[in-house]
Amino acid sequence: MKKKMISAVLTAAMLAGMTVGSVLPVSAEAAEEGKVLNIYCWNEEFKSRITDHYPGYEEVDATHGKIGDVDVVWNITPSDDNAYQNNLDEKLLAQADAAADDKIDLFLIEADYALKYVDTEYTMNVADLGITADDLAQQFGYTQDVVTDSNGVLKGVSWQGCPGLLIYNREIAKEVFGSDDPAEVQKAVADWDTFKATAATMKEKGYFMTSTTNDAYRVFSNNVTSKWVDGTTINVDANIKSWVDMSKEMVDAGQTNTYDLWSDDWSKGFYPDGKVFCYFGPAWFYDFSMAGDTEGSIANQGGWATTEGPQGFFWGGTWLCGAAGTDNASLVKDIMLQMTCNADVMTEIAKADGDFVNNKGAMEALSTDESFGDAILGGQNPIGKFLAGIDSIDLSNLSNYDQGCNEEFQAAMKNYFDGNATYEEALEQFYTAVIEKYPELTKPEA
Amino acid sequence: MKKKKAKGLGIGPRRVIAYAVLVLMVFLCLFWFYVLFVNSTRSNGELTRGFSPVPSDNFVTNWKNLMAGTLPVWNGLINSAIVACLSAILSTYFSTMTAYAIHAYNFRLKKAMFTFILMVMMIPTQVTALGFVQLVTKLKLEDSFVPLIVPSIAAPVTFYYLKQYMQSNLPLSLVEAARIDGSGELHTFNMIVLPLMKPAIAVQMIFTFVSSWNNYFIPALILHADKKKTLPILIAQLRSADFLKFDMGQVYIMIVFSILPVIVVYLFLSRSIVGGVAAGGVKG
Amino acid sequence: MNQKTNNKKAVSYNKWGYIFLIPFVVVYVVFQLIPLFTTIYNSFFEHYRSGLTQIGPNFVGFDNYKALLSQGDLLIYFKNTMIMWIMGFVPQIIVSLLLGAWFSDPQLRLKFTNFFKTVIYLPNLIMASAFAMLFFTLFSDSGPMNSILINLGILDQPFKFLSNTWSTRTLIAMMNFLMWFGNTTILLMAGMLGIDTALFEAAEVDGATSTQIFYKITLPLLRPILIYVMITSLIGGLQMFDVPQILTNGSGDPMRSTMTLIMYLNKHLFSKNYGMAGALSVLLFIVTGVLSMIIFKFTKSEND
């Protein structure tokens, strides 16, 4: 078995540089398996990765492809209104009764709700697919924490890592600190106390420290020491409370705002007249979301730079899960191996698509690659900094309820920051909203 | 010159006020279309900058990007057209029939039936949505247009409007006259009642067409194959695109693209309403 | 068709009443009544999803109703819904009647009425979600509305439209107004089309003022359609959902002062909470029924 797999990887690696290969390492095995591979996802990201990088994938049309003699069917449901999860839930629950060709084989999930699927028997153990610890050795630890169930069993894999950094405005750094060197700037944002002190300095000079309180939220919520839910009781971690306190102070002092992420007000800091010192985000954020292609934006002038900031965190990412009951187990396994364990394929993805790929070796090699300097960051190669921060991400306190709790908490606290409620009232509203979403939970006794 | 007999404001000032209000309303109505158009001329980066009233020059680029993408935009247009047209036609035809049954005939269950339909009209549509989707799954009607079209036959709100309209505008003497001329009941309905109801039917056709065209919630839960998706699902899919492909410029141009056909249909149907020609038949 | 004039027995015609009702009844029973009965049935059960795990159904009697009614939040959401509905509906019906009266007033002789009549419905063609996107852009802190107000000297710093209860409610009411007043006007106009213009002319010859014509001729003849507009608008108002949902991102903020009943219902759909959602639906149905009955009673004339 193992030998076969290694040869598959080797063949794939050889094919990786070429366009569509016609001889397929998996076709022999797949012959005994189902003829239809159903993949469930919410956008075309993974489809384009497979199309471009999986050896032997032939595109038939927008939602169909072929791997050898297996038909690949992409079942795309947008995530608006929770439609993706609603659909996936119904399909997974009906999986046992579905005809072999209708069964879900592979589905994609995001970190915020990963445990909802991972912590069930509907998701296959990665080990049961025949993927070994050796295969996974190069992956970053946190990407595995996200999809490890409550018994410590790994249930999914990802080709991306999305560690985040503090992204600061070079012009403002030069004016305020006299230098835009990451090492110098890091001193002013090394921990939350200095961060707050710097925010006050920024305010004096007429700048906002961040665009919104929500910018820093992930950094706090990725570094909690307890889960959102203890038994069935909702629990607000001390670190989350520190985010509330810091945010309230900063909003009251006019050092930041309460905008929603992705709103027009929030993104005005992408331009010099927005006067925003820093954002928090991973590589995809500054590469694709900060208006780098637009004349006059800071990104367009290479005016950003990155530093580790107060704490490590991640933002985004997509994980692959094998659905229990799949009739294409070996193909699912091969896709996982090729896309998330094969260093050559992953290096190719990093170069072609700009993903921070989930492979230590590949990323370390790129961290010293001069050509990997980023124009948006004024030529800085940030990969070393990402690698430095990535190990500090500790996700041992994820829970099934994270998506609902994180969303509702930020929404409720906005009322407190805006002065429409006291902290207690906002907290009460948070409890109400979470219990509506998860009726089995209760609020802590006063 | 007309002599002014009315007390209060004269015709002149009243006309000025009327025009002023109308012009304001026209501005409030058309302004949004201008904003949509302007936004569709901007690139994703430019849109992060906030609104500007001056169009930019990315209209063609956005359009090309949308066409070059993998979304089956034209298919979506055809699907939306099929679903919305058939819904509008079935809904108005059968609602008129239902209204006519209650209006023109006397039978034992008439009152009970009318009350029943009024009651079910009050049930929020969201209430039965989940049960409806489960039912559709059980009937194996997923990825089919049937569950999006056929239920529109039973449209209590449309029925109620047509019933009210008949009360004012459909004299039963006409039906009697038709009977005396030997017209069968179905024939009378199709050839005499339907034409008389034209303005009301046109109104409800527009409403049904528009709400079906813009419907997202139920279709998103029922249609999964790309070839079957309607325009609102494709728009939602554009909006949940990954960061590499995320492009608000494309979203806006897609919105413009999906509004244009409705405007055409509306202008076509609205002639029967605002044209000012009352339907034939007897008056008063 | 060559059936001769034998209308002796009305009964033979009246069976057509039943025949014409068949399509409605069949479709309704299959696609609406079955889901509806499940809804009511479910309201007596504890029945929801925790992640992918099904909880229940366990029979709990009226517990869901008790839970909903004892919290008192329901009353707040009802109040929010009614406030925002009235804020949007009152200007809507006034403008619609005014436009209707002007368009049908023979003295005014307005020009371009077809253009005006056509344009007013156009906002309804824009999807609510697209409409909300535009509102976000225009009313953001750094958006054009704030710049205009600051440039005019009305404000000295940006006003946070969506962080303030009354401005958020006003924006919601405004969106509803813009999206639906054309709809109401069209309904009324279609009703007015049926009125014989000779009636207006006769009244004018008799020396009636335009106000008199409106009250004595237009309104009474429009009555059935007006009742329809009132009832459906009330029902639509109680079911207000998409505009506040999208504009506040489902939160009903600030502090749930814009949370409507259906938004609350929608919260329970997240966990597929058939029990609570069912009970809420039944309550909603009762409230709508009672309010509609009141309108029916008020508008019922003697000879009906």
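How many residues of domain 1 of chain B are in contact with how many residues of domain 2 of chain B?

## The model

This is a predicted model, where local features need pLDDT of at least 70, side-chain atom pairs count only at pLDDT 80 or more, and totals for chains, interfaces and linings use all residues. Residues are numbered from 1 along each chain as its sequence is written, while chains are lettered from A and ligands numbered from 1 in the order in which they are written.

## Domains of chain B

Chain B is assigned domain 1 (2–59) and domain 2 (65–280); such bounds come from an automatic or database domain assignment. The C-alpha centres of domain 1 and domain 2 of chain B lie 29 Å apart.

Between them, 9 residues of domain 1 of chain B are in contact with 7 residues of domain 2 of chain B. Contact requires C-beta atoms, placed from the backbone, within 7 Å. On the domain 1 side, α1 (11–40) and α2 (44–47) of chain B each supply at least two residues. Helices here are DSSP runs of H or I, at least four residues, numbered from the N terminus. The largest share of that side, 4 residues, comes from α1(B).

## A helix pair in chain A

Helices α17 (residues 360–367) and α18 (residues 383–390) of chain A pack at about 140°, with axes 8 Å apart. Axes are lines fitted to C-alpha atoms over the stretch in contact, and angles run from 0 to 180 degrees between N-to-C directions. The pair is therefore oblique, as angles under 35 degrees count as roughly parallel, over 145 as roughly antiparallel, 65 to 115 as roughly perpendicular and the rest as oblique.

From α17(A), the contact uses A:M363, A:E364, A:L366 and A:S367. A:I383, A:G384 and A:L387 come from α18(A).

Technical notes:
Contact = placed C-beta atoms within 7 Å.
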